[in-house]
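Visitor: Could you give me a close look at a single part of this model, the space it leaves open? I'd like the cut-offs spelled out as you go.

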Amino acid sequence: MNPVRQSIAAMGTDLGPAVLAQCRALFDAEQSALLAQRPMAAADVVYGPHERHRLDIYRPQGDGLAPVLVFVHGGGFLKGDKGGVDAWPNANVGRMAAQAGFLGVVINYRLAPDHVWPAGAEDVAAVAAWIKDHAAQHGGDPDRIVLMGTSAGSVHVAGYLKLAGAGDIRAAILLSGLYGYTPLDARDMLYYGDPALYPDRMPMEAVAATPLPLMLACAEFDPPRFQAEFLGLMHDRFARHGAMPRAFIHSGHNHYSMSMHLGTADRRLSDEICAFVRETTQS
C-alpha cells in the first residue's frame, strides 16, 4: 500500500488537532517545494472592512485574462486561515490554481461565534464582488469566476448560492460540506444559532436547486456525517435534475488531506478540479 494512503487509513475518520497535524506532516515537503516555486502575487488584499476581510492572489504565467478560482478554507466555522508566504495549508490551493493556468484567490472570512449566520456567505459575496471589479488588474477574467470551498468553506460557498443565486460566478466546487441533510451538532449552532432556525438558514435548497454547474467531492475517510451529506445532495440533485452533478469520491484521503494534498504528485482530484474549471469557464 502507498505509505501516504496507509498513514491516512490508520487515522480513521476522526477529526481534531492531532489528525490535522499528522496530515500536514505527510505533505509538508512537497508543499514547501511548491511554495518556493509559486510565489504569491499579492498578499492581504483588503476586500471589506473587517480585519479578516483579506485575500491572497496567485497569478499564473502567460498573457491574457485567466479564469479565477477562489478557495474558501474550512475550520468548523470557528477557525482557519488562508496561509501565505510561510504557511502553506490552504495557500497550496491558490498555488495549484496558478500552476494550472488560473488566477488563484485564497480568502479569509469572519469567524463564529463572534460572527454568525449569514456572515460567511456575505463575505464570499463580498469577495465575488471585489473580483468582479478588480480581477483584470491581476490577470483574472471577472466574467469567469469559480468558487471552491472545503468543509465550513463549502458551507459558505453554498450559503452564497442561497444569498445571491448564480450571482457573478460560473460554477461551484464543494468539498466535504454540510448542506442540511443531517442534523445540527453543537459546533454548528455557534454559527447557525438555535436549531429551530436551521431549516430556514441551511443552504440545502440552494445547492439542490441551482442551475449552476456543481462539482461535489467526498473523501474515503471523511466522517460518516460528511459522507451522508454528500450522498444526500447527490440523491437530491438526481431527483430534481434527472442527472447527478460531477462528483468525486477521493480514495485514500480524509477530511483534512483532501484539500491539503492539492498541488502534490497525487493529481487525481486536482485534475478533476482543473478540468471542471476549464469546462465551465470556456468563453
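Guide: Start with the largest pocket: 32 residues line it, and those nearest its centre are Gly-74, Gly-75, Gly-76, Lys-79 and Tyr-256. A pocket here is an open set of points on a 1 Å grid over the protein atoms alone, with protein on both sides within 12 Å along at least five of seven lines, and a lining residue has an atom within 4 Å of a point. The space in the largest pocket comes to about 790 Å³, where a volume is the space filled by probe spheres set on the points, with grid points joined across faces, edges and corners.

Keep in mind that this is a predicted model, with local features needing pLDDT of at least 70 and side-chain atom pairs counting only at pLDDT 80 or more, while totals for chains, interfaces and linings use all residues. Residues are numbered from 1 along each chain as its sequence is written, and side-chain values use heavy atoms, with hydrogens and water left out.

Helices and strands are DSSP runs numbered from the N terminus (H or I, at least four residues, for a helix; E, at least two, for a strand). By class the lining of the largest pocket splits into 13 nonpolar, twelve polar and seven charged residues. Nonpolar takes in Ala, Val, Leu, Ile, Met, Phe, Trp, Tyr, Cys and Pro, charged takes in Asp, Glu, Lys and Arg, and the others, Gly among them, are polar.

H2 turns up again in the second largest pocket, where H1, H2 and strand E8 (246–254) each supply at least two lining residues. This second largest pocket has a volume of about 160 Å³ and a lining of 13 residues, with Asn-2, Val-4, Arg-5, His-253 and Asp-266 nearest its centre. Its lining has four nonpolar, five polar and four charged residues.

Now for how H1 and H2 sit together. The axes of H1 (residues 3–11) and H2 (residues 17–37) come within 11 Å and cross at roughly 180 degrees, which makes H1 roughly antiparallel to H2. Axes are lines fitted to C-alpha atoms, for helices over the stretch in contact, and angles run from 0 to 180 degrees between N-to-C directions; under 35 degrees is roughly parallel, over 145 roughly antiparallel, 65 to 115 roughly perpendicular, and the rest oblique. Val-4, Ser-7, Ile-8 and Met-11 of H1 meet Val-19, Gln-22, Cys-23, Leu-26 and Phe-27 of H2, with contact meaning heavy atoms within 4.5 Å. That set holds seven nonpolar, two polar and no charged residues.

The axes of H4 and H5 (residues 152–164) are 8 Å apart at an angle of about 80 degrees, so H4 is roughly perpendicular to H5. Among the residues in contact are Gly-120 and Ala-121 of H4 and His-156 and Gly-159 of H5.

Finally, there's one cavity of 30 Å³ or more; a cavity is a set of points where a 1.4 Å probe fits but cannot get out. Phe-77, Leu-178, Leu-184, Asp-188, Tyr-192, Tyr-198 and Arg-225 line the largest cavity, giving five nonpolar, no polar and two charged residues.
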